[in-house]
Amino acid sequence: METENIFLFVPNLIGYARVVLALISFFLMPCCPWPAVFCYLLSALLDAFDGHAARALNQSTKFGAMLDMLTDRCATMCLLVNLSLLYPSYAFLFQLSMCLDIASHWLHLHSSTVKGSASHKTIDLSGNAILRLYYTSKVCVSYDKRVRVNFKGTVSERLCVCVCVLQPVLFVMCAGNELFFCLLYLLYHIEEPAGWLYWLQGLCGIICLLKSGISVLHLITASKNMAAIDAAEREKALKMK
Amino acid sequence: METENIFLFVPNLIGYARVVLALISFFLMPCCPWPAVFCYLLSALLDAFDGHAARALNQSTKFGAMLDMLTDRCATMCLLVNLSLLYPSYAFLFQLSMCLDIASHWLHLHSSTVKGSASHKTIDLSGNAILRLYYTSKPVLFVMCAGNELFFCLLYLLYHIEEPAGWLYWLQGLCGIICLLKSGISVLHLITASKNMAAIDAAEREKALKMKCVAAGL
C-alpha cells in the first residue's frame, strides 16, 4: 500500500515556492527594488492558492498550516528589517511592530493548541453554526486557518467568531497592514510619487495602527487563556495532593 | 478563599522586568551603546533567575514559560535588526538567522505541544542523538546558547570600541564558530519538528480514513 508523502502535497509545494520567492525578494531588496517587489507580491499571492489547493485536493495538514504561518511571520519580519535599513530613525517602531506580530500570533496559537488538548476533544464542528461556517467556509481567512481548537464561550473564541463573521473586515485589515509596509518600501524608490499614493499610504497607515491594536488584544486574551489553563492545572494538582 | 493571580507570580514579574529592560536596550542601541549593552545583559542575566524563582516558590507556569521564550526570541530578533543597521552588507545573513531562530523554535515547540497531547506524554527526545545531547547536557546547551548570544553582542560591541584588544577578536572568532554550530542545530530542529508534524498528520489522516470506512460500512 502506497504511503502518501505529506511533504510532497501540492499545498506544501506551493508553500516551499512561497519561501523561496520570499528569500529571493529579501536578497534583492537592498539593490533591486522592482524584482524584489515582484517576488514578494508573487509570494503573497500564492498564499491565496495553497489554502484552496488544500481543500480542493483534501490535503490540509497541520504541517502545511505551520509552514504558511511561519512564512507569513518571517516575511513580514524581513520586510520590516529592510524598512529599518531605509528609515533608520524609525527602526525602534519597526522592531516593536515585529515583536508584537510574532508574540501575538505565537501566544495565540500556543494557547489555542494547549487549550484544545486540555479538553481532550477533537474538533467538534456541530456546536456552533458560526464556528462550523468558520471551519468549512472556502473563503474564510484567519490568522491560524487550520489549527483552531476551542469550543466554549471564552473571550478568545468570541473574538474569533466575531473575526469570522466580519471576514471582509479581516481581509482588509491584513491586506491594508501589508500594503502599508510595501508602500513604505516602494515610495522610497519612486522619484515623484503620484498624490494618490500618499493618500493610500495614509489610509493603510491607519489600518496598520488598528491591526496593531487588535494584535495587542490578541496578546492579552491569549495571556489570560494561558493563565486560566495554568490556574486549572494548579487547582487540579492541589486537589490530587 | 483567595485566588492566586498568576500574572503577579514572582517569576513572571521578573519576566516583565526582562521585557522592559530589553525594550530600553533596543531604544538606546542606535545612540548610546554602553547603557544599551548594560540593559541587554541585565535582561539576559535575569533569565537565569526566573527559572530558579519558579522552582523555589512553586510558581512554574505555562504562561511564564511562554513569556520567557517570547522574550528570548524577540530580544535576539531586535539585536539582529540593530546589527543589520551597523553592518548593512550582512543584513541578509542576519535576516536568515532571525528566520531560522524563530521558525525552528516555534515549529519545535508546536510539534512537541501537539505531539504531547496526541501521545499524552511529555517531550520525547529520543528521536535524534544530537538533539538529545543538546537538551540533556546542561553544559553543552549553556555554551551553545551563551556563545551564540555573545557572538552577536561582540559584533555590536566591537563596532563601538575604537581599539579592541586582540583577545576580543579571538573570542569573537570562537563565538562565531559556536554561532554556526547552533545554526546547524536549529536546522536540525526544524527538520525533526517538520517530520514530527508530518507524522502527526499522517496518523490523523489514517484515522480519518478508517472512520470513513467504518461509516461506509466496509
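Helices are DSSP runs of H or I that hold at least four residues, numbered from the N terminus. In this predicted model, residues 196–220 of chain A form a span that is 100% helix and 0% strand. The UniProt record, an unreviewed entry, lists residues 196–220 of chain A under "transmembrane region", together with residues 159–190 of that chain.

Another helix of chain A, H3, covers residues 62–86 and contains A:Arg73. The relative accessibility of A:Arg73 is 7%. Because buried means under 20% relative accessible area, A:Arg73 counts as buried. The side chain of A:Arg73 makes a polar contact with the side chain of A:Asp101, at 2.8 Å. With residues up to four places away in sequence left out, A:Arg73 touches A:Asp101, A:Ile102 and A:His105, and also B:Trp106 of chain B.

In chain B, the packing of two helices was examined. Two packed helices are described by the angle between their axes and the distance between the axes. Helix H2 of chain B spans residues 33–56 and helix H3 of chain B spans residues 62–86. Their axes come within 12 Å and cross at roughly 160 degrees. Angles over 145 degrees count as roughly antiparallel, and H2(B) is therefore roughly antiparallel to H3(B). On the side of H2(B), the contact is made by B:Tyr40, B:Asp47 and B:Asp50. H3(B) contributes B:Asp68, B:Asp72, B:Ala75, B:Thr76 and B:Leu79 to the contact. The crossing of H2(B) and H3(B) is left-handed.

Terms used:
Residues are numbered from 1 along each chain as its sequence is written. Chains are lettered from A and ligands numbered from 1 in the order in which they are written. This is a predicted model: local features need pLDDT of at least 70, side-chain atom pairs count only at pLDDT 80 or more; totals for chains, interfaces and linings use all residues. Side-chain values use heavy atoms; hydrogens and water are left out. Buried means under 20% relative accessible area, exposed over 50%, partly exposed in between (1.4 Å probe, protein chains only). A polar contact is a pair of N or O atoms within 3.5 Å; within protein, one must be able to donate a hydrogen and the other to accept it, and residues adjacent in sequence count only if both atoms are side-chain atoms. Contact means heavy atoms within 4.5 Å. UniProt positions are given in the numbering used here, feature names are shortened, and annotations may be inferred rather than shown by experiment. Axes are lines fitted to C-alpha atoms, for helices over the stretch in contact, and angles run from 0 to 180 degrees between N-to-C directions. Angles under 35 degrees count as roughly parallel, over 145 as roughly antiparallel, 65 to 115 as roughly perpendicular and the rest as oblique. A crossing is left-handed if the near helix is turned anticlockwise from the far one by less than a right angle, and right-handed if clockwise.
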